[in-house]
Amino acid sequence: MSTQSNAIPESRVGAVVVAPAAIPAMRLLYWSVRRELWEYRSIYLAPLAAAGVFLFGFLITAPHLAVTMRKASAMAGLQMQETLAQPYDMASGFLMAIAMFVGAAYCLGALYNERRDRSILFWKSLPVSDTTTVLAKACIPLVILPLVTVAVTVALHLVMLLIHSAVLAATGQSVATLWAQMLPIQMWFMLLYHLIAVHSLWHSPFYGWMLLVSSWAKRAAFLWAALPVLAVGALERLFFNTSYFFQMLGYRLAGNESAVAPVKDWPISPMTHITPGHFLLSPGLWSGLIFTALCLAGAVRMRRYRSSL
Amino acid sequence: MACIEARGLRKTFGTTVALDGVNLQVDTGRILGLIGPNGAGKTTALNAILGLTSFEGDLKVLGRNPWNEREELMRDVCFIADVAVLPRWMRVSQALEYLAGVHPRFDRGKADGFLQKTDIQTASKVHQLSKGMVAQLHLALVMAMDVKLLVLDEPTLGLDILYRKQFYDSLLNDYFDHSRTIVVTTHQVDEIQDVLTDLMFIHRGRIVLNCSMDEFESRYAEVKVSPDKVEAARSLQPIHERQTLGRSIFLFDRADRRQLSTLGEVRAPSIADLFVALLGNEKAQGGVS
């Protein structure tokens, strides 16, 4: 180092040769997602615990299954199927609701906690870009949680089917009827489609918004995520006496009917409901995805500028 | 070869000027101590070097602009911002796995070797370790990365003296060589006096002293003078005078050593004493921090 270095020879700038060693982007993303799963174990523990709770309830009411089967045997095909599938639909609905809560809680903390405990300074000391980090965090609600939900639901359904079969066998009823009516593979395929179409793609603006708030809030990320939304709705009500904003939110939350074809003639197989082409062409899906992308771009920018609280 | 070069480096936060046109050059193979009171601009300077903050002026680190080329730069640069920033939930084994996954120059075997010299168990979580052990862990992780520039911002804050000493010992013995550059800031200035090769004082966003340690030792001298020779000492234009136990201690800049030796015992001043001498008059509050 020179004593007084007001004059730096130009030739020395840029003279350092840096070897171009780089880790492939997909590997960086993989490890970034893995570390999210290490930190937020509720991503898989909460659905597992919920499945356990549900199974406990199912076991308690298991003797009732024999009665339901006897009633259902007298019904017509589709009605019978609906009656038998009821506990299974409840199981998937329950796990989906849990996954939505886990996703929301995760997103609100994902970019806030690392600033609060200053561990962001450790993450930033490594050659992983803000973009990779934010994308890895967005993968949790958009990819990982739906897949975890499907896996846990399928496992839960399998155990339920076994218990169900055992109850029917013990009471001398047809196990074959149950399996023929339930068509488990079809049921799980529909579940996977529903989770990807609605919970991942259609709901993505919610998660994008929460990640953005999480990257920006100095405290109380939950309030910052909820209050502006409520305020916009309330102001609209106050000044225009309309509630389009809340209707839009409700529509967004309830799911897009074009993910599933409008049911006019009650079909033979529920598989014919699925109309991905219809869904993929709906402007609501694409406007939502654009909003999500803008939120994530904002979160990347915030993470670049805000190192710690 | 220059590792860090800055010309007219400026950073303002609103009306506060954190860095006021800093010029500096740090060559490869040096260990620079960046010393200044709280709020002097040390951390802002380090953040600019690490691409954590935008800046005005010219700044090149390893030939790159840290703000625009941060991702590439971080393959060759690492930093310890504070002892407390390792994620508390992480297991030691997870940290090793993760770094092997994302860092192109991380040597898992080296890290294991460093950790074996400590009491740290790989199954432990960071929050189960004592503060000193967390610092040991962080240092082991960083030393296993083959980077060209290591920046340490108060790396031993809150550690007891044994850990602090060990920290710098391992840094010198197991890590530093002349292809690497280290920049360090600390409150415990005197403890790193023998570690540094270069010294820089920063105050109110400006560099007020910039010299090598060899220069520091040949330029500055401290003499403990008995009361009868005080007037003689004052006539030699000391840059600072202070009282200890009935004796006066004078600090001289570029004075004649032979003349000084007639006044009393001549020795090299501590960095802290020089800091107080140069900046103590301007800055009543705080002192060397």
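In a right-handed crossing, H10(A) passes H11(A). The model described here is a predicted one. Helix H11 of chain A spans residues 221-240, and its axis lies 9 Å from that of H10(A), the packing angle being about 130°. An angle over 145 degrees would be needed for a roughly antiparallel description; H10(A) and H11(A) are therefore oblique to each other. On the side of H10(A), the residues that meet H11(A) are A:Trp209, A:Met210, A:Val213 and A:Ser214, and their counterparts in H11(A) are A:Ala221, A:Trp224 and A:Ala225. Classified by residue type, this contact of H10(A) with H11(A) comprises six nonpolar residues and one polar residue, with no charged residues.

Helix H10 of chain A (residues 204-216) also packs with helix H7 of chain A (residues 130-170): the two axes come within 10 Å and cross at roughly 150°. Because of this angle, H7(A) is roughly antiparallel to H10(A). The crossing of H7(A) and H10(A) is right-handed. Here H7(A) contributes A:Lys137, A:Ala138, A:Pro141 and A:Leu142, which meet A:Ser204, A:Tyr207 and A:Leu211 of H10(A). By class, the contact of H7(A) with H10(A) contains five nonpolar residues, one polar residue and one charged residue.

Chain B contains ten helices and 13 strands. Its C-alpha atoms occupy a box of roughly 65 × 45 × 35 Å along the principal axes.

Within chain B, four strands form an open sheet in the order S11-S12-S10-S13, and their pairing is antiparallel. The edges are held by strand S11 (240-244) and strand S13 (264-267); each has a single partner strand, so one side of each lacks a neighbour in the sheet. On average, neighbouring strands of this sheet are turned by 20° against each other, direction ignored. Strand S10 (residues 220-225) and strand S12 (residues 247-253) of chain B run antiparallel and are joined by six bridges. B:Glu222 has B:Leu251 in S12(B) as its bridge partner. Helix H10 of chain B (residues 271-279) lies across S10, S11 and S12 of chain B, and runs at about 80° to S12(B).

Technical notes: Residues numbered from 1 in each chain as written. Chains lettered and ligands numbered in written order. Predicted model: local features only at pLDDT ≥ 70, side-chain atom pairs only at ≥ 80, totals over all residues. Axes fitted to C-alpha atoms, helices over the stretch in contact; angles between N-to-C directions. Helix = DSSP H or I, 4+ residues; strand = E, 2+ residues; numbered from the N terminus. Parallel < 35°, antiparallel > 145°, perpendicular 65-115°, else oblique. Left-handed = near helix turned anticlockwise from the far one by under 90°. Contact = placed C-beta atoms within 7 Å. Nonpolar A, V, L, I, M, F, W, Y, C, P; charged D, E, K, R; others polar. Pairing = 2+ DSSP bridges.
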